[in-house]
Amino acid sequence: MSDAPTTGPLIARNRLWHPPAYTPGYKTSVTRAPSRALVAMGSTLSEETGPAFGRDMLGELDNNLILNFTGQPAIGERIIVHGRVLDETARPVPGVLVEIWQANAGGRYRHKKDGYTAPLDPNFGGCGRTVTNAEGRYEFLTIRPGAYPWPNGVNDWRPMHIHVSVFGSGFGQRLITQMYFEGDPLIKRCPIVNTIPDPAAIDRLVAPLDMGMAIPMDCLAYRFDIVLRGRRQTHFENRREGM
Amino acid sequence: MPQPLDYLPESPSQTAGPYVHIGLVPNLLGNTGIYPEDLGRSPIRDGAKGQRISITGHVRDGAGMILRDALIESWQADAAGLYPSPGERRGTADPNVTGWARIVADFNTGDWRLTTIKPGPVALPQGGVMAPHISLWIVARGINTGLQTRICFEDEAEANAACPVLARIEHKARIPTLLAKATGAGEYRFDIVLQGPDETVFFDI
Ligand SMILES: [Fe+3]
């Protein structure tokens, strides 16, 4: 299995697959959505190159959200979240930084702006990071986050979710998304989920329960593969003008 | 049925939401003890070659309100126009330039500030030279897919006039939205407007 290339032009983003900027069901987007068309162009070196992060910067507990805040275990349902980072040509993307953040088991974030009634867990910080290995794999140990209410509609709730930030080998591959959990009835009702127009695209963000990776008498597992933009690889690249 | 094309679709984007700081800059938020320091605190180290500059600005929405929850990442070349990236094949960049930074709007005022070196012009393998620029990626609550734009410099008129990327902008009157204005020695101002009459040019790249 060959790795995703680290140079070459990026495949254009399918803007019909991603959420549009203006999604009135998610009210905050109304004044934050550009109203002019995006200026389209092929990728340049500025998007094809990007920062690199080595595994050497990682601490031992960086991908263990159960222990990485105080060293004492966080409360909640213990889960492994694992998967691969691939590109659109289905090749693994090794050596890229994956960062996650989430609410605690009660649905409360450790953030000065979160005033939800559910209590903070003194042993849960809520973030983790790792770098994909040679096969593009990553793994986190965490607790399953709780659902939480948010001021949008009168009674809107976010489904259980983990926020995920991923780098590729080029700055133009930069992506932030959210992982949802198979079977959560709140997914269908969520205005943020529903900014994505195509139900097949929403399915790509729903992690199935993965009993093959669950550890007996210890934790459940969910699998979440992440796909970044791919790169074109042809012999016709970088031709001089007129050729 | 034709042969199948075995592409995977890119994972769809979702908003970074209001709590993006927990994941990307926990120390700045006060959630200390997990990572020794936040990533991307500066795109340069001591000894970086080039002119030191600082760029200040805010991100404003269509109602004229300044965002206090925006997070911006920047990516730039060194003073010679080389990227500090494994994907850079034209040469080796200045080892004291990392090129990448996380810039966080102030929780109270919404102002952000980037201190760096002025990047050099970037010659493209297929021809043409891009004017000195810093690429930006902007996320916040209410932004469904990270917005891509560039800071160019008003005082680089000649390079800007020859830049193939600025030339892509059909409505020339909008080009100034990408130009940082000099406000003092090494000081620039660059405000980002998400929506409205002075809306910043955003790219689909
Ligand atoms: Fe959230």
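A donor here is an N, O or S atom within 2.8 Å of the metal. Keep that in mind, because water is not among the atoms and a site may look incomplete.

Good morning. This is a predicted model. Its scores are ipTM 0.97 and pTM 0.97. Chain B has an average pLDDT of 97. In that chain, 100% of the residues score at least 70.

Let's start with the metal. Which residues of the protein hold the iron ion as donors? They are A:Tyr109, A:Tyr148, A:His161 and A:His163. The two tyrosines, A:Tyr109 and A:Tyr148, each use their OH atom. The histidines, A:His161 and A:His163, each use NE2. These donors lie 1.9 to 2.2 Å from the iron ion.

Now look at the spacing along the sequence. The pattern reads Y-x38-Y-x12-H-x1-H. Take one pair from it, A:Tyr148 and A:His161. A:Tyr148 sits in strand E6 of chain A, residues 148-150. A:His161 sits in strand E8 of chain A, residues 161-166. They are 13 residues apart, and the pair links distant parts of the chain. Are these two buried or exposed? Both A:Tyr148 and A:His161 are buried.

What about the geometry? The angles among the four donor atoms run from 90 to 163°. Four donors count as tetrahedral if all angles lie between 85 and 135 degrees. The site of the iron ion is classed as irregular.

Strand E8 brings us to a sheet. Find it in chain A. It is an open sheet of five strands, in the order E4-E3-E8-E9-E10. The pairing is mixed. Which strands are at the edges? They are E4, 127-131, and E10, 206-207, both of chain A. Each of them pairs on one side only.

Stay at the E10 end. Strand E9 of chain A covers residues 175-181. Two bridges join E9 to E10 of chain A, and these strands run parallel. There, A:Tyr180 stands opposite A:Val206 in E10 of chain A.

A:Asp62 is in the loop between helix H2 (45-48) and strand E2 (78-87) of chain A, while A:Arg129 is in strand E4, so the pair ties together parts that are 67 residues apart in sequence. How accessible are these two partners? A:Asp62 has a relative accessible area of 4%, so this residue counts as buried. A:Arg129 is at 3%, so that one is buried too.

Compare another pair. A:Asp225 forms a salt bridge with A:Arg223, with the closest N and O atoms 2.9 Å apart. A:Asp225 is partly exposed, at 27% relative accessibility. A:Arg223 is partly exposed as well, at 28%.

Next, chain to chain. A:Arg15 forms a salt bridge with B:Asp204, and their closest N and O atoms are 3.0 Å apart. This pair crosses between chains. A:Arg15 comes from the segment before helix H1 (29-32) of chain A. B:Asp204 belongs to strand E13 of chain B, residues 203-204. A:Arg15 is partly exposed at 26% relative accessibility. B:Asp204 is buried, with a relative accessible area of 17%.

One more group. A:Glu99, A:Arg174, B:Glu73 and B:Arg102 are linked in a network of salt bridges.

And how many salt bridges are there over all chains? The count comes to 19. That's my tour. Thank you.

Technical notes. Residues numbered from 1 in each chain as written. Chains lettered and ligands numbered in written order. Predicted model: local features only at pLDDT ≥ 70, side-chain atom pairs only at ≥ 80, totals over all residues. Heavy atoms only, no water. Donors = N, O, S within 2.8 Å, 3.2 Å for Na, K, Ca; no water. Tetrahedral: all angles 85-135°; square planar, octahedral: opposite > 155°, others 65-115°. Helix = DSSP H or I, 4+ residues; strand = E, 2+ residues; numbered from the N terminus. Buried < 20%, exposed > 50% of the residue type's maximum accessible area, 1.4 Å probe, protein only. pLDDT = per-residue confidence, 0-100. Pairing = 2+ DSSP bridges. Salt bridge = Lys/Arg side-chain N within 4 Å of Asp/Glu carboxyl O.
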